[in-house]
Amino acid sequence: MTYLNKSFNDIVNTKSVTGDVTLDRIESGQAILVDGSSAGNFTITLPTAEAGLYYPIVLVADSHANTEILLDAGSGSTINGYVVVATSMGTTGTAVSNQKVGFGDASKDGSAMHLICDGTNWFLNYAISGVNFITSDFS
């Protein structure tokens, strides 16, 4: 069965997220707009791995000083790639290969991760933030 991204005239559908959520395969290709401006950690759980699933995830507000936003690939899958932290002091990059990767406390709006799945694991083709990413459970 084939599912099509519901876009029209080059307008991408969006999904707003403000707390714990499990993404659905039908939402693949939608821009996931995340608002973590309220205090409290939350998890965005990716759907079961399936080749071609793609999720651009973008913070649309500065996250609260006590809010981490974690992406969870689920048991048996990892999120792999290179995350970049950009600050006034320059940029640093770190390779990751974890079940969970997320935005740290006080991440700034515009921070983003774009993930694509090969059917087993998820790969970051873009990941940038102004603060360090988290690569395990909440700190």
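I began with the ground rules: the model is predicted, local features need pLDDT of at least 70, side-chain atom pairs count only at pLDDT 80 or more, and totals for chains, interfaces and linings use all residues. Residues are numbered from 1 along each chain as its sequence is written, and side-chain values use heavy atoms, with hydrogens and water left out.

**Strands.** Strand 4 runs parallel to strand 2 (residues 21-22), with 2 bridges between them, and two strands pair if DSSP finds at least two bridges. Val21 stands opposite Ile44 there. Strand 4 is also joined by 4 bridges to strand 6 (residues 69-72), again parallel, and Phe42 has Ile69 as its bridge partner.

**Aromatic pairs.** I found 2 aromatic pairs, where ring centres lie within 6.5 Å and planes under 30 degrees apart count as stacked, over 60 as edge-to-face and the rest as tilted. Tyr55 and Trp122 form a tilted pair, 5.9 Å centre to centre with 45 degrees between the planes. Tyr55 lies in strand 5 and Trp122 in strand 11, so this pair ties together parts that are 67 residues apart in sequence. Both residues are buried, meaning under 20% relative accessible area, with exposed over 50% and partly exposed in between (1.4 Å probe, protein chains only).

**Loop.** I noted that Ala106, in the loop between strand 9 (100-103) and strand 10 (112-117), has a positive phi near 60 degrees. Most residues other than glycine have a negative phi. At 26% relative accessibility, Ala106 counts as partly exposed.

Technical notes:
Rings of Phe, Tyr and Trp (its six-membered ring) pair if their centres lie within 6.5 Å; planes under 30 degrees apart count as stacked, over 60 as edge-to-face and the rest as tilted.
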